Amino acid sequence: MNQQPGFEIKGKEDYVYKLDKALYGLKQALRAWNKKIDSFLVQQGFMKCVNEHGIYCRNSNNKLIVCLYVDDMIVTGNNEEEMKVFKKNMMKKFEMSDLGNLTYFLGIEFEMNSQGILIHQRKYAQDVLKRFNMLNCKPISTPVDTGVKLSLVNDEKEVNRTLFKQIVGSLRYLYHTRPDIGYGVSLFNRYMVKPTTSHLVAAKRILRYVKGTGSYGIHYSKNQSDELIGYSDSDWSGDKDDRKSTASYVFMIGNAAFSWSSKKESVVALSSCEVEYIANSMKAC
Amino acid sequence: MELRIDSKPAIDLAKHPVAHGRSKHIETKFHFLRDQGNNGKLEIKHCKTDEQIADLLTKPLKLSSFDFLKKKLGMAEASN
């Protein structure tokens with residue numbers, strides 16, 4: 001680190017500081033922080049999840065799960081006492097505050113009631129509409145028009161690429177609690193290279209749909225079965241440009257979806273049997 | 001775990017490997033599905049097209065079926 005202006009040591013102006021500790025704002029600071037919290041959690045008996053590096057679990061008598069996002073945390077478990085002890089330990093080691101029950105995390109809102117938990121992104125949806133000046137648009141009931149066939153190459157006027165990408169990116173985040181816009185979002189992702197008027201109109205249709213259904217989210221009810229069921233489906237050469245098919249899957253626990261995806265398949269399938277087969281093996285992975 | 005598909009041929013292919021002309025070009029990595037089915041981790045089942053929830057993420061739908069599947073996904077409106 002360079003010497004601060006006004007605090008240079010006389011005669012040694014070209015000297016620099018050697019840091020013993022990562023300082024706030026350095027690119028190494030993030031790593032140093034993660035290392036610190038990681039070692040703390042491991043010392044507390046937690047195991048890091050191999051697939052999702054922000055999740056730590058402890059399986060002693062009771063289960064305790066910590067979800068870590070940089071310096072925000074969600075703590076959950078099946079024993080209140082143990083959660084309290086863990087929070088106390090955390091407070092001893094770090095300066096932190098307990099915000100009580102989970103209500104808002106990374107733009108996602110959590111609503112708890114007697115039947116279960118509802119997660120939605122109403123505030124974020126409003127922000128998106130405001131950002132793209134669509135607050136006063138006319139709502140519509142479905143996100144994608146059934147008749148429209150989009151294509152990468154057409155002779156329409158090209159539109160502002162940055163704007164198109166911003167819309168798709170914002171919708172992509174909204175997709176976290178809204179599988180219903182999944183098909184539309186994955187569809188527009190394909191036209192980010194050279195968006196034209198028809199692509200923009202179709203993308204704005206999703207915004208109009210979001211305007212009408214902004215407060216929708218997924219409801220996880222308390223008394224549901226914990227049966228895990230996967231559904232998978234695909235269309236048949238849906239993309240006009242390269243004749244690849246779209247495959248999608250949804251995983252349900254009880255009667256609420258918790259994992260879903262809609263994606264163009266990587267290979268060209270020669271039969272409708274093959275597309276479904278590929279879609280399924282995609283899901284099985 | 002249970003997998004539900006609305007295509008009978010795909011299920012047949014996953015259960016009984018037949019390598020005739022129309023299926024032998026399928027890339028090896030996709031046969032992972034059959035592997036998982038054989039060792040008992042997955043159970044592949046048929047479901048009707050109108051109950052296929054993943055339809056919602058695959059193609060544009062009419063309002064009636066769209067709303068029906070949206071409810072099936074567990075989507076609901078926030079209260080306040």
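Reader: Let's start where the two chains meet: what's the bridge partner of Y216(A) in β3(B)?
Author: That's E77(B). Strand β8 (residues 216–221) of chain A pairs with β3(B) in the antiparallel sense, over three bridges. Two strands count as paired if DSSP finds at least two bridges between them, and strands here are DSSP runs (E, at least two residues), while helices are runs of H or I with at least four, all numbered from the N terminus.

Reader: Is that an experimental model or a predicted one, and how do the numbers and letters work?
Author: It's a predicted model: local features need pLDDT of at least 70, side-chain atom pairs count only at pLDDT 80 or more, and totals for chains, interfaces and linings use all residues. Residues are numbered from 1 along each chain as its sequence is written, and chains are lettered from A and ligands numbered from 1 in the order in which they are written.

Reader: OK, how many residues of each chain are in contact?
Author: 41 residues of chain B are in contact with 50 residues of chain A, contact meaning C-beta atoms, placed from the backbone, within 7 Å. On the chain B side, β1, α1, α2 (32–38), α3 (63–72) and β3 (75–77) each supply at least two residues. That side divides into 24 nonpolar, seven polar and 10 charged residues. Nonpolar covers Ala, Val, Leu, Ile, Met, Phe, Trp, Tyr, Cys and Pro, charged covers Asp, Glu, Lys and Arg, and the others, Gly among them, are polar.

Reader: Which strands make up the five-strand sheet?
Author: The order is β11(A)-β10(A)-β9(A)-β1(B)-β2(B), an open sheet with mixed pairing. At the edges are β11 (256–264) of chain A and β2 (43–46) of chain B, each pairing on one side only.

Reader: And where the chains join, is the pairing parallel or antiparallel?
Author: Parallel: β9 (residues 228–234) of chain A and β1 (residues 2–5) of chain B pair over four bridges. There, E2(B) is the bridge partner of I229(A). Helix α1 (residues 8–15) of chain B packs on the sheet, touching β1 and β2 of chain B, and its direction makes about 155° with that of β2(B). For such angles, axes are lines fitted to C-alpha atoms, for helices over the stretch in contact, and the angles run from 0 to 180 degrees between N-to-C directions.

Reader: Switching topic: what about the four-strand sheet?
Author: That one is open and antiparallel, in the order β1-β2-β3-β4 of chain A. β1 (47–48) and β4 (72–77) of chain A have a single partner strand each, so one side of each lacks a neighbour in the sheet. Six bridges join β3 (residues 63–69) of chain A to β4(A), and L68(A) stands opposite M73(A). Helix α2 (residues 80–93) of chain A packs on this sheet, touching β3 and β4 of chain A.

Reader: Last one: which residues of α3 in chain A are buried?
Author: Y124(A), A125(A) and V128(A), in a helix spanning residues 122–131. Buried means 20 or more other C-beta atoms within 10 Å of the residue's own, exposed means 12 or fewer, partly exposed is in between, and C-beta atoms are placed from the backbone.

Reader: What do they pack against?
Author: The buried residues of α3(A) pack against α4 (161–174) and α6 (197–213) of chain A. After the helix comes N133(A), with a positive phi near 60°.

How values were computed:
Contact = placed C-beta atoms within 7 Å.
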